[in-house]
Amino acid sequence: MKKIFIYPPNSLILTDLVERFGHKPLNLNIVIGNLVRNPEIDSPPMNITDEVPKQGLKYAAVEVPSGVRGRMALIGPLIEEAEAAIIMEDAPIAFGCIGCQRTNELTLYLVRRKNIPTLKVKYPTNEEEAEILVNKIANFLKSLEENEEKN
């Protein structure tokens, strides 16, 4: 089982596909869920501690807008943990937008820099393309398992 970073990092569809094929999805929903359920954090609606924005400085300079640093404090550790990635390109905003183009650019840059196996797929616009998408993801995840067995 590999840890797969998914982009957009809050895509439920990609999360479900990764889980169905026996891998661990790394996404924002899991991180945010842990923050929301953490009894030690009592600052709703933010659900963060004073340390979270400081962690974002590891990924983005102090001159970068605080929203980018805050998002990267959550996304950066997921990228560090990732053993592979699936990136959905040209997805509509409702598919899993994180709302900030600068964060998106930094996220994709960090994934590229990590140099892990990455599958880039286009958002499907019809049923045929959706079937092809699922097959590409299945083949990619299967190839990760095969490579793991060889090593």
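# Questions on a predicted chain

There are six helices and four strands in the chain, and the model is a predicted one.

Colleague: In what order do the elements follow one another from the N terminus?

Modeller: They run β-α-β-α-α-α-β-α-β-α.

Colleague: Why is Lys2 called buried?

Modeller: Buried means under 20% relative accessible area. Lys2 has a relative accessible area of 18%, so Lys2 is buried. Lys2 lies in the segment before strand E1 (3-7). Leaving aside neighbours within four places in sequence, Lys2 is in contact with His23, Lys24, Glu83, Leu144 and Glu148.

Colleague: How much of the chain counts as buried?

Modeller: Of its 151 residues, 40%. The accessible surface of the chain comes to about 9100 Å², and 52% of that belongs to carbon and sulfur atoms.

Colleague: What makes E2 and E4 edge strands?

Modeller: The four strands form an open sheet in the order E2-E1-E3-E4, with parallel pairing. Strand E2 (24-26) and strand E4 (118-122) each have a single partner strand, so one side of each is left without a neighbour in the sheet. On average, neighbouring strands of this sheet are turned by 25° against each other, direction ignored.

Colleague: How do you know that E3 and E4 pair?

Modeller: Two strands pair if there are at least two bridges between them. Five bridges join strand E3 (residues 84-89) to E4, and the two run parallel. Glu89 stands opposite Lys122 in E4.

Colleague: Which residues touch the most other members of the largest nonpolar core?

Modeller: Phe5 and Met72, in a core of 24 residues. At least two residues of this core come from each of E1, helix H2 (28-37), helix H4 (66-81), E3 and helix H5 (101-114). H4 gives the most, with seven residues. Not counting residues up to four places away in sequence, Met72 touches Tyr59, Pro77, Thr103, Leu106, Thr107 and Leu110. Apart from this core lies another, of 15 residues, including Leu17, Phe140, Leu141 and Leu144.

Colleague: Why might nonpolar side chains be found together?

Modeller: In soluble globular proteins, nonpolar side chains tend to be buried together.

Colleague: How do you know that the span of H5 agrees with its number of residues?

Modeller: The expected span is 1.5 Å times one less than the number of residues. For the 14 residues of H5 that should be 20 Å, and the end C-alpha atoms are 20 Å apart, which agrees.

Colleague: Which residues of H5 are buried, and what do they pack against?

Modeller: Thr103, Asn104, Leu106, Thr107, Leu110 and Val111 are the buried residues of H5. They pack against E1, H4, E3 and E4. Just after H5, Asn115 takes a positive phi of about 60°.

Colleague: What share of the contacts with a separation of 6 or more joins residues 24 or more positions apart?

Modeller: Such residues account for 66% of those contacts in the chain.

Conventions
Residues are numbered from 1 along each chain as its sequence is written. This is a predicted model: local features need pLDDT of at least 70, side-chain atom pairs count only at pLDDT 80 or more; totals for chains, interfaces and linings use all residues. Side-chain values use heavy atoms; hydrogens and water are left out. Buried means under 20% relative accessible area, exposed over 50%, partly exposed in between (1.4 Å probe, protein chains only). Contact means heavy atoms within 4.5 Å. Axes are lines fitted to C-alpha atoms, for helices over the stretch in contact, and angles run from 0 to 180 degrees between N-to-C directions. A nonpolar core is a set of buried Ala, Val, Leu, Ile, Met, Phe, Trp, Tyr and Cys residues joined through side-chain atoms within 4.5 Å. Accessible areas come from the Shrake-Rupley method with a 1.4 Å probe; for residues, only the protein chains shown count as cover.
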